[in-house]
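Student: Can you walk me through this structure in plain terms?
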Amino acid sequence: MCLAVPGKVIQVDGKAGKVDFLGVQRQVQLDLVPEAVAGDWVLVHAGFAIHRIDDEEARETLALLRKLEAETEGGG
Amino acid sequence: MMGAPVDVRAKAEELYARIEGLVRGPVSLMEVCGTHTMAISRFGIRARVPANLRLLSGPGCPVCVTPASQIDHLIAMGREPEVVITTFGDMLRVPGSRSTLQRERARGRDVRVVYSPFDALDFARKEPNKLVVFMGVGFETTSPTIAATIVRAREDGVGNFCVYPAFKVVPPAMDALVASEEARIDGFICPGHVTTIIGSRAYEPLARDRHVPCVVTGFEALDVLEGIAMLLEQLASGRAEVEIQYRRATCREGNPIAQEMLERVFRRCDAWWRGIGLIPGTGLEPSEEFSVFDARERIDVEEPDKAQDLPIGCGCGEVMKGVKLPPDCPVFGKGCTPSRPLGPCMVSTEGACAAWYLYGGGR
Amino acid sequence: MAVDDEGGGEDGSRTTMTDRGTIRLDHGEGGAATGRLVREVFLKHLGGPEVLEDAAVLDAGMRIALTTDTGVGRPAVFPGGDIGKLAVCGTVNDLAVVGAQPRYLSAGFVLEEGLAIDLLDRIVESMATTAREAGVRIVTGDTKVVARGEADGIYVNTSGVGLMPDGRKLSSASCVAGDAVLVSGAVGEHGTAVMVAREGFGLSGDLRSDCQPLADLAEAVLRAAPGARCMRDPTRGGLATALTEIASASGVEIRLREETIPIRAAVRGATELLGLDPLYVACEGRIVAVVPAAQAEAALGAMRAHPRGAGAARIGEVRGGRPGVLLETRVGGMRPLIALEGAQLPRIC
């Protein structure tokens with residue numbers, strides 16, 4: 001009951017933002033996290049951001065995502 | 001997201017060793033989130049923890065615990081000519097007492113799968129001659145997204161959008177399970193993203209009054225292992241507190257804006273949990289102010305007679321209360337498989353029985 | 001609680017939730033429901049071999065292979081291809097993976113009244129281009145038109161004939177412990193791209209079908225590994241389903257290592273977001289091959305040397321355990337991969 005995915009906000013347009021997930025983008029509603037700005041990492045569930053991941057955790061998330069990419073693209 | 005294989009495996013081994021050192025006699029930990037159900041099975045965790053440690057699945061699959069009569073009611077609404085049913089994919093195959101949304105679609109009713117309730121609202125905007133009903137199933141991770149959608153509908157004056165409320169609230173259900181003493185529950189693996197919304201303080205009464213340790217846990221393998229280790233550490237030292245393992249996405253207060261949205265748009269009501277029964281104060285429905293967005297107010301179709309929730313011989317109730325593990329159910333894998341499911345736990349991909357069947361229970 | 005036809009079923013004594021009376025979309029997904037339908041209706045009447053391969057190898061004086069494939073569904077045009085290219089590639093690849101050299105195709109069309117002729121033209125042009133690329137000729141065809149509403153735009157059936165070189169025999173039932181499992185590139189591409197194109201879900205990004213003809217890639221693999229046991233075209237049901245079929249036919253355990261299975265970041269992102277498992281998502285331009293251990297390096301090298309196999313990887317091996325597919329997860333756990341009942345649906349739970 002908890003499928004939420006981290007993504008990076010590319011741009012904000014009023015109440016919505018364009019969010020990037022490993023190269024795939026989607027409009028995400030920001031009603032629940034109105035303070036999100038471009039460059040922030042957010043957790044997205046059912047098309048809504050539910051949490052702004054703070055900077056330190058965001059760096060960790062990014063490092064993990066990069067390792068994952070390297071693992072599959074390099075080895076594949 | 002996982003890191004490089006070597007790092008992750010080494011860390012996992014450390015955690016397995018820690019867990020092993022902490023398990024003395026029999027101990028039962030329950031998770032109440034379908035994503036945890038899947039994670040434990042997917043990552044093969046049961047195979048590696050001591051036999052004395054029982055990892056139970058609770059009623060953490062909101063789809064599994066939606067009563068048949070609510071599905072029947074929604075289906076009946078869907079048979080009205082101008083009604084379009086919109087739903088998360090999770091609900092499409094779940095049976096009411098006679099049919100499923102998928103079957104209804106095959107029969108020509110307008111049933112659409114959406115990824116977000118906001119897409120359903122968008123659809124309503126584009127089709128002013130239809131009445132769009134969104135099937136509102138979910139716990140506190142999901143209900144704020146529908147609350148926000150309803151607020152937008154009001155702000156933008158979209159009149160042809162409404163929600164069938166089948167939302168549930170988790171902490172009182174956890175309390176009811178402990179109080180019933182039907183299953184032994186020594187600790188709770190608390191749902192990560194529900195807690196993102198409600199905050200870890202939501203479990204403090206449970207820990208304090210029922211003396212059950214609670215650890216808010218994430219969904220990667222290392223998260224789950226760490227959460228289990230933290231629970232066992234509490235038990236070893238006789239503590240019963242609320243702790244957070246999932247620091248990167250949760251805190252004590254939760255998301256105040258989401259909570260406020262819930263309080264504004266919804267009010268608590270009693271809810272029937274399929275296979276379990278009535279648990280007071282565990283439901284959400286649109287409040288007075290937003291009652292025009294309640295599909296039951298908008299569409300004059302009587303709720304069908306309360307149907308038998310589970311077929312004869314189905315053990316989902318006991319599985320969801322943690323009394324049995326899926327393989328303990330007499331029909332598991334025999335009369336009941338994903339291709340011929342008897343009960344909701346086997347139909348939904350994140351139901352305890354389906355997860356066990358598909359992922360081998362993690363053994 | 002049987003799910004039955006309109007108005008029926010007052011009795012509470014039914015004990016299953018399965019509907020047996022009508023065709024469901026699940027029957028078309030290539031999973032367990034499809035398997036049952038094939039056995040219980042088609043094979044029951046038509047007969048057939050114990051093990052069904054991607055094409056039938058026949059002795060008509062000379063050995064030939066014959067197969068058929070139908071392109072259906074929306075959208076007719078999607079990133080990376082269209083329904084026509086899909087039909088040609090599907091047929092060519094089914095012939096290629098049984099070891100045949102594809103030669104001639106037929107093309108049958110069912111067109112819905114109201115279909116734009118420009119769209120039809122585009123699709124047929126694409127079929128011609130793909131056929132040329134694949135070294136095959138489309139030599140015969142048929143066209144039917146049905147009234148508006150009686151078909152979904154356009155359906156394309158392609159049947160194909162290929163020549164079997166002497167002595168070549170591939171079989172899904174021939175794998176043995178020690179064999180290596182290879183895949184020619186990243187998985188889950190086609191199904192993800194098409195689902196996103198069809199349903200909307202609002203995703204944009206580098207998602208495109210991997211649809212491509214693979215006859216010469218298959219030939220290169222067989223030259224490098226003449227002892228190859230079998231090859232498959234992992235379409236509906238994805239990599240996992242194809243491997244469950246091979247494991248079942250050979251009665252062997254196939255053990256995969258999760259971190260070696262190539263999945264592109266964009267596919268990972270999209271499938272994570274929608275709650276899908278990329279191992280079960282259709283590919284339309286990949287070969288999965290089981291080869292003897294001694295020929296694995298050569299086969300992998302041949303794949304990687306070919307432009308259509310640049311992302312090839314060795315993803316597992318055949319072992320002597322209980323028949324089935326096991327995935328070693330990143331944390332050292334073991335996860336069985338079984339055939340799904342039907343379609344994966346996007347989920348939020």
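This is a predicted model: local features need pLDDT of at least 70, side-chain atom pairs count only at pLDDT 80 or more; totals for chains, interfaces and linings use all residues.

Tutor: Residues are numbered from 1 along each chain as its sequence is written, and chains are lettered from A and ligands numbered from 1 in the order in which they are written.

Student: OK, chain C then. How many helices and strands does the secondary structure of chain C come to?

Tutor: Chain C has 8 helices and 15 strands. Both are DSSP runs numbered from the N terminus: helices are H or I with at least four residues, strands are E with at least two.

Student: And what box do the C-alpha atoms of chain C fill?

Tutor: Roughly 60 × 50 × 45 Å, taken along the principal axes. The radius of gyration of chain C is 20 Å, which agrees with the value near 20 Å that a compact globule of 349 residues would have. That radius is taken over C-alpha atoms, and the globule rule is 2.2 Å times the number of residues to the power 0.38.

Student: What percentage of chain C is buried?

Tutor: Buried residues make up 52% of the 349. A residue is buried if 20 or more other C-beta atoms lie within 10 Å of its own, exposed if 12 or fewer, and partly exposed in between, with C-beta atoms placed from the backbone.

Student: Which domains does the assignment give for chain C?

Tutor: Domain 1 covers 52–163 and domain 2 covers 180–337. These bounds come from an automatic or database domain assignment. The C-alpha centres of the two domains of chain C lie 23 Å apart.

Student: In what order do the 7 strands of the open sheet in chain C come?

Tutor: The order is β10-β12-β8-β13-β11-β14-β15 (chain C), and the pairing is mixed. Two strands pair if DSSP finds at least two bridges between them.

Student: Why is one side of β10 and of β15 left without a neighbour in the sheet?

Tutor: Because β10 (230–232) and β15 (334–337) of chain C stand at the edges, each with a single partner strand. Further in, β8 (180–183) and β13 (313–319) of chain C pair in the antiparallel sense over 4 bridges. There C:Val183 has C:Ala313 as its bridge partner.

Student: New topic. How many residues does the contact take from chain C and from chain A?

Tutor: It takes 25 residues from chain C and 18 from chain A. On the chain C side, β9 (204–205) and α7 (265–274) are the elements that give two or more residues. The most come from α7(C), with 7 residues. That side divides into 12 nonpolar, 7 polar and 6 charged residues.

Student: Which strand of chain A is joined to β9(C)?

Tutor: Strand β3 (residues 24–29) of chain A, through 2 bridges, and the two run antiparallel. A:Val24 stands opposite C:Gly205 in β9(C).

Student: Last one, B:Phe161. Buried or exposed?

Tutor: B:Phe161 counts as buried because there are 28 C-beta neighbours inside 10 Å. It lies in strand β6 (residues 161–168) of chain B.

Student: What is B:Phe161 in contact with, leaving aside neighbours within four places in sequence?

Tutor: B:Leu121, B:Ala124, B:Val132 and B:Ala153.

Student: And which sheet of chain B has β6 in it?

Tutor: An open sheet of 6 strands in the order β4-β3-β5-β6-β11-β10 (chain B), with mixed pairing. Its edge strands are β4 (111–113) and β10 (266–273) of chain B, each pairing on one side only. In chain B, β10 is joined to β11 (residues 277–286) by 7 bridges, and the two run antiparallel.

Conventions: Two residues are in contact if their C-beta atoms, placed from the backbone, lie within 7 Å. Ala, Val, Leu, Ile, Met, Phe, Trp, Tyr, Cys and Pro count as nonpolar, Asp, Glu, Lys and Arg as charged, and the others, Gly among them, as polar.
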